[in-house]
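Please have the structure in view as I go through it.

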Amino acid sequence: MLKAKTALVTGSTSGIGLGIAKSLARQGANIMLNGFGDSEAALAEVRALGVRVSYHGADMSKPAEIEQMMRAAEAELGAVDILVNNAGIQHVAAVEDFPPEKWDAIIAINLSSAFHTTRLALPGMKQRGWGRIINLASVHGLVASAQKSAYVAAKHGLVGFTKSVALETATSPVTVNAICPGWVLTPLVEKQVQARAQADGIDIEEAKRRLLGDKQPSMQFTTPEQLGELAVFLCSGAADNIRGAAFNVDGGWAAQ
Ligand code: NAD
């Protein structure tokens, strides 16, 4: 379905980004990976799916590096037809204890990077007559939790940004949407599982049950593969008129 298309997925050396990159590659899309994890392993996993794959190590908190990455994607793979803004970090602390540099980093990586990639990718998508922008927000783009002020602010901002750009592109062949997962068991959440185990003096399995029990009624983690399949659907013709939507994939979290 996506043969001859190229997808750039930020933060795709692990977790959700790698899952989405692999789902798009299974549909034939060539892939530009990015992120600070094990790039060789991620490259090998995507290459095994039979597509062209490249990697750029740009830091999503640095606009100049984002520009270099966008130019490299076009130079090495020909275009950016599908842009998945996925890179993200978390920090958990009460607002009065929140380190200002962590606030700045979360806003830069989780929100502002999507502005930079989008402004640079849109002209080419319009010119080529097709494009998909998929922003990995979070259920925290729809509702809040205590101790996550920067993350919640960034993700609410990303959902708002998604809607605004979707309106600007509403009559164009480029669609812009957000995906809002609840708990997904990735390195980002494993840290929170470990912190919960330590705080409550319990083992890892019980910590997972308590985290799910607090928020996610299905009592199941969403998987990167499930999010990858949603991204594939958003790239299909059936999704041509889905614009500015925020899909929660959260086991019922936001329904409460
Ligand atoms: P992860 O830690 O596995 O992946 C994050 C990726 O971003 C990694 O590849 C990492 O190297 C990269 N990254 C971090 N800082 C970067 C920077 N400055 N520049 C470039 N890359 C950088 O986490 P994940 O859970 O897969 O998170 C992916 C996205 O999904 C994030 O935006 C996160 O907020 C969002 N999300 C995750 C969950 C969850 O439960 N795991 C839920 C909702 C939303």
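Domain 1 (6-182 + 222-248) and domain 2 (183-221) both give residues to the shell around the ligand, so the ligand lies between them; the domain bounds come from an automatic or database domain assignment. Please keep in mind that this is a predicted model, in which local features need pLDDT of at least 70 and side-chain atom pairs count only at pLDDT 80 or more, while totals for chains, interfaces and linings use all residues. Residues are numbered from 1 along each chain as its sequence is written.

There are 29 residues around the ligand, and Gly11, Gly15, Gly35, Gly88 and Thr186 come nearest, where near means a C-beta atom, placed from the backbone, within 6 Å. Helix H1 (15-26), H4 and helix H6 (187-200) each supply at least two residues of this shell, helices being DSSP runs of H or I with at least four residues, numbered from the N terminus.

Turning to packing, H4 (residues 100-128) and H5 (residues 149-168) have axes 9 Å apart at an angle of about 15 degrees, the axes being lines fitted to C-alpha atoms over the stretch in contact, with angles from 0 to 180 degrees between N-to-C directions. That makes H4 roughly parallel to H5, a term for angles under 35 degrees. The contact includes Trp103 and Phe115 of H4 and Tyr151 and Phe161 of H5, contact meaning C-beta atoms, placed from the backbone, within 7 Å.

Finally, the axes of H1 and H2 (residues 39-47) come within 9 Å and cross at roughly 25 degrees, and H1 and H2 are therefore roughly parallel to each other.

Terms used. Angles under 35 degrees count as roughly parallel, over 145 as roughly antiparallel, 65 to 115 as roughly perpendicular and the rest as oblique. Two residues are in contact if their C-beta atoms, placed from the backbone, lie within 7 Å.
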